[in-house]
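Try each task before you read its solution.

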Amino acid sequence: MLLGPPGAGKGTMAGGLANSAGLAVFVTGDVLRAAIAGGSELGIKVKSTVEAGRLVDDETILSLAQEFLRTHSQGALFDGFPRTIKQAEGLRSLLSAEDELRVVYLDTSKETIVARLGARRVCPECGRIYNVRFKPPRNDEICDDCNASLICRKDDTDEVIKSRYELYLAETAPLVNYFSEELLKVNGDLPGEEVLEIVRGELCPA
Ligand code: ADP
Ligand code: ZN
């Protein structure tokens with residue numbers, strides 16, 4: 001699983017790691033946003049919570065995670081889960097004795113987070129993530145892969161970014177201690193490619 005504040009680069013890391021480690025990725029935020037866009041029962045239930053940057057209830061999140069683990073027993077990578085101690089305890093109880101849990105913690109400064117999230121744009125078609133300052137698309141605000149117009153997530157406004165960060169400190173940061181046995185701590189302020197190299201070296205020894 002990937003642990004770190006919003007904007008730590010978990011999404012970028014998930015894509016790169018899943019490829020090299022052959023893991024199925026569960027991106028909690030993407031699953032919720034897809035449910036909202038599709039208007040499913042789950043989507044209707046979580047819409048206002050997600051758009052306000054608050055946390056969806058633990059029970060809902062745990063049942064999604066459980067279903068994912070059940071259908072991907074060969075190996076799963078969680079991005080954005082667990083996010084509370086309750087969810088972490090739930091994850092432990094879902095794992096069996098043979099399962100090995102590794103936790104990559106992207107230790108990232110507040111300055112980096114604010115700079116990254118305010119400039120973040122997402123492709124509504126393929127989910128690819130851009131940054132208008134550090135990682136812009138070839139054509140202004142257009143996805144390189146599918147030509148769709150990039151969007152700014154509803155929860156990437158200054159005010160919501162600030163409250164998501166505070167929520168992270170209160171609810172999720174305690175997981176760093178909770179998982180101290182399984183933790184691989186990496187400097188999340190480094191460029192994404194560098195972080196990916198470090199993590200690959202640790203988790204997928206040649
Ligand atoms: P980020 O990591 O950039 O904050 P995500 O895409 O992971 O954003 O999550 C977006 C939103 O989805 C969160 O602000 C929250 O409302 C909801 N969410 C995602 N993961 C969880 C989780 N594990 N528990 C509760 N809510 C979650
Ligand atoms: Zn795209």
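**Exercise 1: a charged pair**

Asp156 is buried, at 3% relative accessible area (buried is under 20%, exposed over 50%, partly exposed in between, with a 1.4 Å probe and protein chains only). Before going on, note that this is a predicted model, where local features need pLDDT of at least 70, side-chain atom pairs count only at pLDDT 80 or more, and totals for chains, interfaces and linings use all residues. Residues are numbered from 1 along each chain as written, chains are lettered from A and ligands numbered from 1 in written order, and side-chain values use heavy atoms, leaving out hydrogens and water.

Task: find which residue forms a salt bridge with Asp156.

Solution: Look for a side-chain nitrogen of Lys or Arg within 4 Å of a carboxyl oxygen of Asp or Glu. Arg120 sits in strand S5 and Asp156 in the loop between S6 and H7, 36 residues apart, so the pair links distant parts of the chain (helices, H or I, have at least four residues and strands, E, at least two, as DSSP runs numbered from the N terminus). Arg120 is buried too, at 13%.

**Exercise 2: the zinc site**

Task: name the protein donors of the zinc ion (ligand 2).

Solution: Search for N, O and S atoms within 2.8 Å of the metal (3.2 Å for Na, K and Ca). That gives the SG atoms of Cys123, Cys126, Cys143 and Cys146, at 2.1 to 2.3 Å. Their spacing in sequence is C-x2-C-x16-C-x2-C. Cys123 is buried at 2%, while Cys146 is partly exposed at 31%.
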